[in-house]
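Visitor: I am new to this structure. Please take me in for a close look at a single part, and show me what surrounds that part.

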Amino acid sequence: MTKDLLRVEPERFDLASFADLLPAREHIPGEDPGSFQGFREGMMRSLVPMTPYEGVIAENLISIEWELLQHQRMRDASLRNLIRAAISEAAMAKCKDDHEKALDAAFEKHAEDGGDEDDWEEPFSFDAVAAEDAGEDLAARATSRDPVAQAIALAEITALGVAPLNLMGEAYRSRDVSITRHDAKYKELEHRRRDVKRDFDALQKTRPLEAEILEG
C-alpha cells in the first residue's frame, strides 16, 4: 500500500473549473485586451491548486499579483506624463527665448536704420499655439516606442540645455499625488501578497492524503 496525494477534480462538483466558483472578472479599460487571461493561465500552471479552497486562494493571489502589475503600469504612466510636461515646458521656453532674441535683433536693425523706441513696432508676435505644438511634439517623440525617434528627441532635449536624466530624476522624486498614491497602494498590496502566499503555502503543506491499494 502506498500514499498518493488526493487531487479533487472540479467535475466531482459539476464544475468545468474551480474558477467557476468565482464571479467572472470583467475587462477594465486601460488594460491590454486579453492580457489578464493569459497571465492567469500562466500563474495557475505555476501554482497548481489541487482543491477548491486552494483554487480560491490561488485566484486571490493572482488578483493581487495582477493589481501590483497594473499599479506599476499606472505609476509609470504618471511618471511619463510628468516628464512629458517638463519636456513640453522646456521646449516652449526655448521658443519664447528665440522669439525674444529675434525681436532684439529686429530692434537693433531698426535702430541702425535711424529708428528709436517711439516709432518701434514689433514686426512679429509670439505664436503661443505653435510653441505649444512644438513642445507636445517633442515630448511625444521622446516617449515614443520607436528607439530612433527617442534618440533624436533626446538629442534635441539635450540641445535645449536640459539633461534627460535630470528630468527622470525629478519625476521620480515628485510628490505628485499620481505617484504617491500608487506607491502607497503598491506597498499595501505587497503586504497582502505575502500574507496570501503564506496561506497558500500552508495549504499545500497540509494537503490531504488518500491511501491507495496497489494491484498485485
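Guide: Start where two helices meet. Arg-75, Leu-79, Leu-82, Ile-83, Ala-86 and Ile-87 of helix 2 touch Leu-167, Met-168, Ala-171 and Tyr-172 of helix 5. Contact here means heavy atoms within 4.5 Å. Helices are DSSP runs (H or I, at least four residues), numbered from the N terminus. By class, this contact has nine nonpolar residues, one charged and no polar. Ala, Val, Leu, Ile, Met, Phe, Trp, Tyr, Cys and Pro count as nonpolar, Asp, Glu, Lys and Arg as charged, and the others, Gly among them, as polar.

A word on the source. This is a predicted model, in which local features need pLDDT of at least 70 and side-chain atom pairs count only at pLDDT 80 or more, while totals for chains, interfaces and linings use all residues. Residues are numbered from 1 along each chain as its sequence is written, and side-chain values use heavy atoms, with hydrogens and water left out.

Now the geometry. Helix 2 spans residues 52-112 and helix 5 spans residues 164-173. Their axes come within 9 Å and cross at roughly 130°. Axes are lines fitted to C-alpha atoms, for helices over the stretch in contact, and angles run from 0 to 180 degrees between N-to-C directions. Oblique is what remains once angles under 35 degrees count as roughly parallel, over 145 as roughly antiparallel and 65 to 115 as roughly perpendicular. The crossing of helix 2 and helix 5 is right-handed; in such a crossing the near helix is turned clockwise from the far one by less than a right angle.

Which residues of helix 5 are buried? They are Leu-167, Gly-169 and Ala-171. Buried means under 20% relative accessible area, with a 1.4 Å probe and protein chains only. Their cover includes helix 2 and helix 4, residues 147-159.

Helix 4 has a neighbour too. The axes of helix 3 (residues 128-142) and helix 4 come within 7 Å and cross at roughly 130°. Helix 3 is therefore oblique to helix 4. From helix 3 come Leu-138, Arg-141 and Ala-142; from helix 4 come Ala-149, Gln-150, Ile-152, Ala-153, Glu-156 and Ile-157. Six of these residues are nonpolar, one is polar and two are charged.

Terms used:
Buried < 20%, exposed > 50% of the residue type's maximum accessible area, 1.4 Å probe, protein only.
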